[in-house]
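Me: I would like to learn how to read packing and aromatic pairs in a model of this kind. Could we go through them one feature at a time?

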Amino acid sequence: MSAGRNGSSFRIVNGSSTSISDYPFMVSVQRWNKDTKSHICGGTFISNQWILTAGHCVDDREFSKGGVVRVESSFHASGGVFLTIERTVLHEKIYYESPGIDYDYGLIKLTAKFERAVPVRLVAMKRRFLPGELCTIVGWGLTKNTGDRDQLRMVKLPIISREDCYDVYAELQSITRRMLCAGYIGGGQDACEGDSGGPLLCRGIQIGITSWGVGCAKPRRFGVYSNIANQREWIRQHTGV
């Protein structure tokens, strides 16, 4: 999640470790400067040449100068394969508020097709999932000492109605149609720093992109995800997917 502009701020708190074989479409988006590579965000294969992530993940000066993605590994700092990036696409309407981000959608085009890619299923434009449905977030973000962040982690969270999310954030942030909310009113489980750009999955279909929140796993502070159905056509226009 992003706590502010260009700041990844989402991590899986109180989740459980998992394997890339369970989520083979997951990638680690990384800055690559001289000798150091650092995980900044998650992302998902949507084809063998395109990766979907959060807009604030690609709206990053250091990443645009030197960015790679690590794929086929359960660990963000080891294993798998590095793929190079041809270009990124940031949603032209991205809008940074405080604390929220509207139109938080980004795309990464790989230099070459990766034939072993396993694309995620993206939600159809009109498909809706009802409040209360348990869905899954996946990422390598900070865990607040609730587990190893080097290994991929997942947690199940219920979808929250727009009305309930709006009520919770009313004094801080408007919840737009580009936003979905998930979590527990009492907190305790959430995404956090480094999880931005990763998927919100319902019944194996990606419906959201980890975007922003206030703190991590705090009571009355749901996680907010970019609503893919709302901008499904934008994704299709840029990628053909």
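Reply: Let us begin with the word contact, which here means heavy atoms within 4.5 Å. The model is predicted, and in it Val69 touches Val27, Ser28, Val29, Ile51, Val81, Phe82, Leu83, Ile85, Ile108 and Leu110, when residues up to four places away in sequence are not counted.

Me: How many residues does the largest nonpolar core have, and which of them have the most contacts inside it?

Reply: In soluble globular proteins, nonpolar side chains tend to be buried together. Here the largest nonpolar core has 55 residues, and those with the most contacts inside it are Phe45, Val69 and Ile207. Strand S14 (residues 153-160) gives the largest share of this core, four residues. Because domain 1 (24-119 + 232-239) and domain 2 (133-229) both give residues to this core, it lies between them. A second, separate core has 13 residues, including Ile101, Val168, Tyr169 and Val224.

Me: How many aromatic pairs are there, and which residues form a stacked one?

Reply: A pair of aromatic rings is described by the distance of the centres and the angle of the planes. The count comes to five aromatic pairs. One of them, formed by Trp32 and Phe82, is stacked, with 5.4 Å centre to centre and 25° between the planes. This pair links distant parts of the chain, since Trp32 is in strand S4 (residues 26-33) and Phe82 in strand S8 (residues 81-90), 50 residues apart.

Methods: Residues numbered from 1 in each chain as written. Predicted model: local features only at pLDDT ≥ 70, side-chain atom pairs only at ≥ 80, totals over all residues. Heavy atoms only, no water. Core = buried A, V, L, I, M, F, W, Y, C linked by side-chain atoms within 4.5 Å. Buried < 20%, exposed > 50% of the residue type's maximum accessible area, 1.4 Å probe, protein only. Helix = DSSP H or I, 4+ residues; strand = E, 2+ residues; numbered from the N terminus. Domains from an automatic or database assignment. Phe/Tyr/Trp six-rings, centres within 6.5 Å; stacked < 30°, edge-to-face > 60°.
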